[in-house]
Structures are given as C-alpha cells and as structure tokens.
Amino acid sequence: MRFLPTVMHGVADYVVGLVVLGLPYIYGMHGTSKAFLLVLGAAALFYSVLTEYELDLLPVIPFRIHLALDKLFAALMLVGSVLIPFPQNSRLVVGGLGVLSFLVVVSTRRDRTEPAPTNST
C-alpha cells in the first residue's frame, strides 16, 4: 500500500541523509566506517537535491530513478551494517536506517501530490 506523499518522502530523504552524515561523529567512528557513512549520506543528499519532486533544487533526476537509488542506498546500509567494522552499538542504527529507507521507498506514492482544486465561483 502506497500512502506516503512524495513531499513527505522528500523530507525523509533529507533527514536520513543528514542523520547518516552525523552518525560517524555521534559514535566517534574512524576509518572505513566513517568514510562509508559520509559517502552514503552525501550521496543521498546529492541525488535528493537533483530529484524532480517538491523539495528539489535542480530537478534533473526522474523520481522513479530516485526510488531506485533509494533502494540501492537501503541495500548498502543493510549490507554495510554487517560487513563493515562499525562500533557494536551503532550496527543496529545503521541497519535500522537501511530498513527504514526501504520502507519509505515501498510506501511512497509514485505520483506527486497535487493540491485539491479550489471552488472559486
């Protein structure tokens, strides 16, 4: 069931991207785990800014391509939470963000939410 409007999906994109960028600093990460999250967080914000939806800045990526990138992001977060040496207390957070990202993708409507027509007669 797709119930999430694209504008709410956009809000989630930016929030998740910023949270992922902040995780290395919250958990005091270094090396591979820090680089992994900084690259993924920056990539998520970058393609969100370029996506054609309500919260875009430069709409060049179709929304369907954005959703495919979100699925890739979710998969990388899930796989990374297992394969990358994260501090033990952050593994669940990284994997949880992967699951959350996937749930946002599968629950997002594919069409933009259009404002209801006004009856101005």
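Colleague: Why does S33 count as buried?

Modeller: Buried means under 20% relative accessible area, exposed means over 50%, and partly exposed lies in between, with a 1.4 Å probe and protein chains only. S33 has a relative accessibility of 4%, so S33 counts as buried. Bear in mind that this is a predicted model, in which local features need pLDDT of at least 70 and side-chain atom pairs count only at pLDDT 80 or more, while totals for chains, interfaces and linings use all residues. Residues are numbered from 1 along each chain as its sequence is written, and side-chain values use heavy atoms, with hydrogens and water left out.

Colleague: Which residues does S33 touch, not counting those up to four places away in sequence?

Modeller: Contact means heavy atoms within 4.5 Å. With the residues up to four places away in sequence set aside, S33 touches I84, P85 and F86.

Colleague: Where in the chain is S33 found, and how many helices and strands are there?

Modeller: Helices (H or I, at least four residues) and strands (E, at least two) are DSSP runs, numbered from the N terminus. The chain has 4 helices and 0 strands, which gives the pattern α-α-α-α along the sequence, and S33 is found in helix 2, residues 31–49. Of the 121 residues of the chain, 39% count as buried, and the C-alpha atoms fill a box of roughly 65 × 30 × 25 Å along the principal axes.

Colleague: Which residues of helix 2 are buried, and what do they pack against?

Modeller: An α-helix has 3.6 residues a turn, so residues three or four places apart point the same way. In helix 2 the buried residues are S33, F36, L37, L40, G41, A44, L45, Y47 and S48, and they pack against helix 1, helix 3 and helix 4 (88–107). For helix 1 the buried set is T6, H9, G10, D13, Y14, V16, G17, V20, L23 and P24, and these residues pack against helix 2, helix 3 and helix 4.

Colleague: At what distance and angle do the axes of helix 1 and helix 3 meet?

Modeller: Two packed helices are described by the angle between their axes and the distance between the axes. Axes are lines fitted to C-alpha atoms, for helices over the stretch in contact, and angles run from 0 to 180 degrees between N-to-C directions. Here the axes of helix 1 (residues 6–26) and helix 3 (residues 63–83) come within 13 Å and cross at roughly 35°. Helix 1 contributes T6, H9, D13, V16 and V20 to the contact, and helix 3 contributes F63, H66, L67, D70, F73 and M77.

Colleague: How many aromatic pairs does the structure hold?

Modeller: Rings of Phe, Tyr and Trp (its six-membered ring) pair if their centres lie within 6.5 Å; planes under 30 degrees apart count as stacked, over 60 as edge-to-face and the rest as tilted. The structure holds 2 aromatic pairs. The rings of F36 and F86 have their centres 6.1 Å apart and their planes at 70°, so this pair is edge-to-face. The pair links distant parts of the chain, with F36 in helix 2 and F86 in the loop between helix 3 and helix 4, 50 residues apart. F36 counts as buried at 18% relative accessibility, and F86 is buried with a relative accessible area of 4%. The pair of Y53 and F63 is tilted, at 5.8 Å centre to centre and 40° between the planes. Y53 lies in the loop between helix 2 and helix 3 and F63 in helix 3, so the pair ties together parts that are 10 residues apart in sequence; both Y53 and F63 are buried.
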